[in-house]
Amino acid sequence: MTDNTPPAFTPRHWIAFTALLAGLVAVYLHLWKLGYMGPLVCTANHGCEIAMTSPWGMFLGVDVALIGACGYTLIFVTAIAGLQTGQVNNPRVTKILMALIIPAFIFTLRLKYYEFFVLKTFCPWCAESAITITTQLIAVGLDWRRIRQGRERGETRNERGETRDERRD
């Protein structure tokens, strides 16, 4: 498979789709925190409000929902750029996605720890983000494997980042 005939679905498609959804949720949560969204749609135990207004709802003075919105935007843009002709099999795109997703996953573990064990609450919106970043971590690993397998089959990239099968040349 070459970049001129991109695959119908790659892990990057999943990463882009889930980043878009999670980014919109993060924007909603940030706007709620700023007072622009009215009541927060959450569970009866108010876990979202508890988590979002706790000291762990901020990181270095920045709202974690805003950090999430920015992070998911970067992931979305990178994944979409990596789906363009000439970039589908570019390992640099996967490395950039890894550089964005792995720290976000670790950051999410920190947040979930405080939510569950310190605050002793449950926030469904936070869980959505945790599930999203976890599936993105799996997807970026699958994308890395897809790129490596392409190289093992003898596909190489030209100066434009397009792949070609050396066995055919």
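Read along the sequence, I get the pattern α-α-β-β-α-α-α-β-β. The count is 5 helices and 4 strands; helices (H or I, at least four residues) and strands (E, at least two) are DSSP runs, numbered from the N terminus.

I note that this is a predicted model, in which local features need pLDDT of at least 70, side-chain atom pairs count only at pLDDT 80 or more, and totals for chains, interfaces and linings use all residues. Residues are numbered from 1 along each chain as its sequence is written, and side-chain values use heavy atoms, with hydrogens and water left out.

**Entry 1: overall numbers**

I looked up burial for the protein: buried residues make up 40% of its 169 residues. Buried means under 20% relative accessible area, exposed over 50%, and partly exposed in between, with a 1.4 Å probe and protein chains only. I then looked up contacts (heavy atoms within 4.5 Å). Among those between residues at least 6 apart in sequence, 71% join residues at least 24 apart.

**Entry 2: H1 against H3**

I took the helix pair H1 and H3 next. Their axes come within 8 Å and cross at roughly 155°. Axes here are lines fitted to C-alpha atoms, for helices over the stretch in contact, and angles run from 0 to 180 degrees between N-to-C directions. H1 and H3 are therefore roughly antiparallel to each other. The angle classes are: under 35 degrees roughly parallel, over 145 roughly antiparallel, 65 to 115 roughly perpendicular, and the rest oblique.

A crossing is left-handed if the near helix is turned anticlockwise from the far one by less than a right angle, and right-handed if clockwise.

On the H1 side I listed Arg12, Ile15, Ala16, Ala19, Leu20, Ala22, Gly23, Ala26, Val27, Leu29 and His30; these meet Ala65, Leu66, Gly68, Ala69, Tyr72, Ile75, Phe76, Ala79 and Ile80 in H3. The residues of this contact divide into 16 nonpolar, 3 polar and 1 charged. In this sorting Ala, Val, Leu, Ile, Met, Phe, Trp, Tyr, Cys and Pro count as nonpolar, Asp, Glu, Lys and Arg as charged, and the others, Gly among them, as polar.

**Entry 3: H3 against H4**

I then turned to H3 (residues 64–81) and H4 (residues 91–118), which pack at an angle of about 160° with their axes 10 Å apart. H3 and H4 are therefore roughly antiparallel to each other. H3 passes H4 in a left-handed crossing.

From H3, the residues I noted are Val64, Ile67, Leu74, Ile75, Thr78 and Ala79, and they meet Val93, Ile96, Leu97, Leu100, Ile101, Phe107 and Leu111 in H4. This contact of H3 with H4 divides into 12 nonpolar residues, 1 polar and no charged.

I checked threonine 18, which lies in helix H1 (residues 11–34). Threonine 18 is buried, with a relative accessible area of 6%. Leaving aside its neighbours within four places in sequence, I find threonine 18 in contact with Thr132 and Gln136.

I also checked serine 129, placed in helix H5 (residues 124–152). Serine 129 counts as partly exposed at 21% relative accessibility.

**Entry 4: cysteines**

I found 1 disulfide in the structure, taking a disulfide as a pair of cysteine sulfur atoms within 2.5 Å. This disulfide joins cysteine 42 to cysteine 48, S to S 2.2 Å. The link is right-handed, with 80° about the S-S bond. Cysteine 42 is partly exposed, with a relative accessible area of 25%, whereas cysteine 48 is buried at 0%. I also looked up cysteine 123, which counts as buried at 0% relative accessibility.

**Entry 5: positive phi**

Most residues other than glycine have a negative phi. I noted two residues that go against this.

Leucine 60 has a positive phi of about 55° although it is not a glycine. I place leucine 60 in the loop between strand S1 (58–59) and strand S2 (62–63). Leucine 60 counts as exposed at 77% relative accessibility.

Lysine 120 has a phi near 55°, again a positive value in a residue other than glycine. I find lysine 120 in the loop between H4 and H5. At 66% relative accessibility, lysine 120 counts as exposed.
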